Amino acid sequence: FGGLRENLFNRFGLPRRRTVEAREKAAAIEGQDLLGTKIILYDKTSRDETHWTDMEAVITEAKSLDKYKDVTFVVVKDFDDLSVAHQARTFNEADAVVMVHGQHMANAIYAVDGTSFVGVGCSGTVPLIGNPRFMELMDSNYKHVSKCKEDNEDDSEACTVCQDDDHFTMTQAAFEKMIDDVMLINA
């Protein structure tokens, strides 16, 4: 598995592990002191499948909070609009990937070692990417966020509010809990 990933990284000119020097170089290009955490989010609204209906609203609110001033939230509208090379770079540049479950998670193979993944949806079924052995091979972490329990009145857990089998939302508190959990893993 490691050899396959190494070949893919080489094919697309991608780094296997992000170094402090690489982050400083990228920050200099961006005109910043040091790049913070980069989180890729995908809600699948462009598809006729399960999707997160209020993702942009909770991201906008989170961006206004001081605790996320060093977080870059990158929303991908449709991976089908991106070339394979662009998809590979998108996953490779992420510190964390938060996505509705689906085949686009196969791009995880391009992520640098140590990337955190969060699968979001209504189903309690953990997808292949959440397999502990797969995450071990990737030197990565996976968190599954699904439908809220009935007793989550205080928004203490990161969970979704399912409108039906194909559409869900997330409270601001649940979104922040999820992002805080990702930030702890990446710290």
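This passage describes the fold, surface and selected side-chain contacts of one predicted protein model. Residues are numbered from 1 along each chain as its sequence is written, and side-chain values use heavy atoms, with hydrogens and water left out.

The protein contains six helices and eight strands, assigned as DSSP runs numbered from the N terminus (helices: H or I, at least four residues; strands: E, at least two). Along the sequence these elements follow the pattern α-α-β-β-α-β-α-β-β-α-β-β-β-α. Of the 187 residues, 43% count as buried; buried denotes under 20% relative accessible area, exposed over 50%, and partly exposed in between (1.4 Å probe, protein chains only). Contact is defined as heavy atoms within 4.5 Å. Among contacts between residues at least 6 apart in sequence, 60% join residues at least 24 apart. The protein exposes about 9800 Å², of which carbon and sulfur atoms supply 49%; accessible areas come from the Shrake-Rupley method with a 1.4 Å probe, and for residues only the protein chains shown count as cover.

On the surface, Phe1, Leu4 and Leu137 form a nonpolar patch with about 250 Å² of accessible area together. Patches consist of residues with over 30% relative accessible area and no salt bridge, like charges being joined within 9 Å and nonpolar side chains (Val, Leu, Ile, Met, Phe, Trp, Tyr) within 5 Å. Leucine 4 belongs to helix α1 (residues 2-12) and is partly exposed, at a relative accessible area of 46%.

Nine salt bridges were found in the whole structure, each requiring a side-chain nitrogen of Lys or Arg within 4 Å of a carboxyl oxygen of Asp or Glu. Arginine 5 and aspartate 113 are paired in this way, with an N to O distance of 3.1 Å. Since arginine 5 lies in helix α1 and aspartate 113 in the loop between β4 and β5 (116-120), the pair ties together parts 108 residues apart in sequence. Both residues are buried.

A second salt bridge joins the side chains of glutamate 93 and lysine 38 (3.1 Å, N to O). This pair links distant parts of the chain, with glutamate 93 in the loop between α4 (84-92) and β4 and lysine 38 in strand β1 (residues 37-42), 55 residues apart. Glutamate 93 is partly exposed at 39% relative accessibility, and lysine 38 is partly exposed at 23%. Aspartate 70 and lysine 69 also form a salt bridge, at 3.9 Å from N to O; aspartate 70 is partly exposed at 49% relative accessibility, while lysine 69 is exposed at 59%.

Alanine 96, in strand β4 (residues 96-100), is buried at 0% relative accessibility. The C-alpha atom of alanine 96 is separated by 8.7 Å from that of methionine 183, 87 residues apart along the chain. Serine 140 occupies the loop between α5 (132-138) and β6 (141-145) and counts as buried at 9% relative accessibility. Beyond its neighbours within four places in sequence, serine 140 is in contact with Val112, Gly114, Thr115, Phe117 and Met135. A polar atom of the serine 140 side chain lies 3.0 Å from the backbone oxygen of methionine 138.

Technical notes: This is a predicted model: local features need pLDDT of at least 70, side-chain atom pairs count only at pLDDT 80 or more; totals for chains, interfaces and linings use all residues. A polar contact is a pair of N or O atoms within 3.5 Å; within protein, one must be able to donate a hydrogen and the other to accept it, and residues adjacent in sequence count only if both atoms are side-chain atoms.
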